[in-house]
Amino acid sequence: MPSGPTLDVRPRDAGGRRWYGFGVIPEVDGRTNLVGATLAEIEAIVAELGEPRFRGRQIYAGLYARRARGWESFTDLARALREKLARRLDITYPETMTAFQSSDGTRRTLFKVSGGHRIESVYIPEEKRDTFCISTQVGCAVECLFCVTGKLPTRRNLSAGEIVGQVLALQADRPTDMKRLNIVLMGMGEPLLNYDNVMKALRLMTDPLGMSISPRRITLSTSGIVPGLERLAREDLVPNLAISLNATTDATRDILIPINRKWNIASLLEACRRFPLEPRRRITFEYVLIEGMNDTPEDALRLVRLLKGLKKKVNLIPLNADPWVPLKSPGEDRVLAFQRILIEHHLTAYIRRPRGNDVSAACGMLAGREYPQGDTSHPPPAKRERP
Ligand code: SAH
Ligand code: SF4
């Protein structure tokens, strides 16, 4: 079997800060950043400061449920204690560098995280819900042919604090009713290659004592890291699952998504078949339609056959064109014809319309870019340039 790409994307200490294993609580100005800490971790810190344990719960709720950003907002704590806490502990969200507002209401936010790396999140308002699309890594080692993030050098995993920090920062910028809020892990990076931090972030997001977001409103999208899927299947906390299938033959998928050479379509779909689903839950199969690659009626029929027996729906995503990607989107007629074949075969199939295209916020366009969309004078940075 040909060897796959290098998948070593372990966290790196790029910013010269102290890191605490996978928990990763970076220090800011010598103070520990609490964002990303679990209740147990906060209780341990509080105990170290000589305070009763229950204070940990108050701080945890203030941090994640009330989303307090400064110690002065913790009015349930005595002033002297607040001052003591402020000397040792900090509350810092990822730093917003700039935000780009699309004409359709979508907003792309560019954040700076420690080490000076740029990551992006997208706020997508819709009629019945608001979606936060968040990143899990700086760059992505999977290097899909059609994705701009995959053209970046892979720098490091994001910590749990940097993942939930995006949600907290977007919420502060665009307050949204929690009942309308959906979270999709579809920004920069492959979530299942940053498994521990993503799982820790999911636990923080869904904790009823804290951020309290229902797991049913969270979707993890993966390019198909089969061992990660098998591990996720055994967790007590399972978000909705989206699989970026994007091809119906291994020959094509090998070209589009190089990790297919390691975990092919059959092994990926086998992992999907074994994935435990609650009643009425379905796996979403994402299918980026690319002209001349995977958009024929034969592909549509093969897709129907491949997905037989699975509880599923299909999201067709016409390729979002970008100067960094040498591929084209099929015309509207072809996209509709593809969808029609799926529907005729009783498959639920939606077309995902690009949101925030004019500010490079649509699927696969996130790269931490600050210059105008469509500007071809900026080539992607050298992929092999690593810290
Ligand atoms: N790494 C994960 C999640 C981030 S990518 C994954 O691959 O699933 C989120 C979605 O954007 C994936 O379904 C991917 O197939 C899609 N995507 C990537 N580049 C795209 C592009 N240029 N046009 C349309 N969709 C794209
Ligand atoms: Fe990575 Fe997903 Fe982009 Fe592929 S599509 S390069 S897995 S972010």
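Buried means under 20% relative accessible area, exposed over 50%, and partly exposed in between (1.4 Å probe, protein chains only). This is a predicted model, in which local features need pLDDT of at least 70 and side-chain atom pairs count only at pLDDT 80 or more, while totals for chains, interfaces and linings use all residues. Residues are numbered from 1 along each chain as its sequence is written, and side-chain values use heavy atoms, with hydrogens and water left out.

**View 1. Glutamate 126 forms a salt bridge with arginine 129.** A salt bridge is a side-chain nitrogen of Lys or Arg within 4 Å of a carboxyl oxygen of Asp or Glu. Here the closest N and O atoms are 3.1 Å apart. Glutamate 126 is partly exposed, at 30% relative accessibility. Arginine 129 is partly exposed too, at 37%.

**View 2. Glutamate 51 pairs with lysine 84 in a salt bridge.** Their closest N and O atoms are 3.0 Å apart. Glutamate 51 lies in the loop between α1 (39-48) and α2, and lysine 84 in helix α3 (residues 79-88), so the pair ties together parts 33 residues apart in sequence. Helices (H or I, at least four residues) are DSSP runs, numbered from the N terminus. Lysine 84 is partly exposed, at 29% relative accessibility.

**View 3. Arginine 274 forms a salt bridge with glutamate 230.** The closest N and O atoms are 3.0 Å apart. Arginine 274 is in helix α8 (residues 265-274) and glutamate 230 in helix α6 (residues 226-233), 44 residues apart.

**View 4. Arginine 57 sits in helix α2 (residues 54-64).** Arginine 57 is partly exposed, with a relative accessible area of 45%. Leaving aside neighbours within four places in sequence, arginine 57 is in contact (heavy atoms within 4.5 Å) with Leu39 and Leu209.

Note on methods
Chains are lettered from A and ligands numbered from 1 in the order in which they are written. Helices (H or I, at least four residues) and strands (E, at least two) are DSSP runs, numbered from the N terminus.
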